[in-house]
Amino acid sequence: HEKKESDLQGKLNWAIAANRSLEQQKQQGFPTAENKKRDVDMEDAKKVMMSMHEQLLATKESAKQKFNALQEELKSSKVTIGRLVDQAKRANNSREKIKAAALVLHGKYDKLQ
């Protein structure tokens, strides 16, 4: 994604620079036929620039959506991990209670002997 975005940004920067250059040349004045060609080139550069800009925005939006989905997954995983930790604590408490009860029973059994 980053390389694609970088490529798109590079093309967008090129189109902006080409547009500026054409604007400057147009202001300096050229023969009419050359002006018309420059106008066409400038329009083409503007179209490229807009297209690249739209692609860049779409790429950013897609990346943002994927990031948000991953964040939601992470939250869900943290909740699941929290539940598992709680279950482990409860199981450990139960085990400790069983051990204590077994020791008490063992003590009572020894007294009966």
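A nonpolar core is a set of buried Ala, Val, Leu, Ile, Met, Phe, Trp, Tyr and Cys residues joined through side-chain atoms within 4.5 Å. Buried means under 20% relative accessible area, exposed over 50%, and partly exposed in between (1.4 Å probe, protein chains only). This is a predicted model, in which local features need pLDDT of at least 70, side-chain atom pairs count only at pLDDT 80 or more, and totals for chains, interfaces and linings use all residues. Residues are numbered from 1 along each chain as its sequence is written, and side-chain values use heavy atoms, with hydrogens and water left out.

**Core**
- The largest nonpolar core has six residues in all: Leu8, Leu12, Ala15, Met49, Met52 and Leu56.
- The elements that give two or more residues to this core are α1 and α2; helices here are DSSP runs (H or I, at least four residues), numbered from the N terminus.
- Apart from residues up to four places away in sequence, Leu12 touches Met49, Met52, His53 and Leu56, where contact means heavy atoms within 4.5 Å.

**Helix α1**
- Buried residues in α1 are Leu8, Leu12, Ala15, Ala18, Asn19 and Leu22.
- Asn19 lies in helix α1 and has a relative accessible area of 13%, so Asn19 is buried.
- Beyond its neighbours within four places in sequence, Asn19 is in contact with Met42, Lys46 and Met49.

**Helix α2**
- Lys108 belongs to helix α2 (residues 32-112).
- Lys108 is exposed because its relative accessible area is 52%.
- Lys108 and Ala45 are 63 residues apart in sequence, and their C-alpha atoms are 93 Å apart in space.
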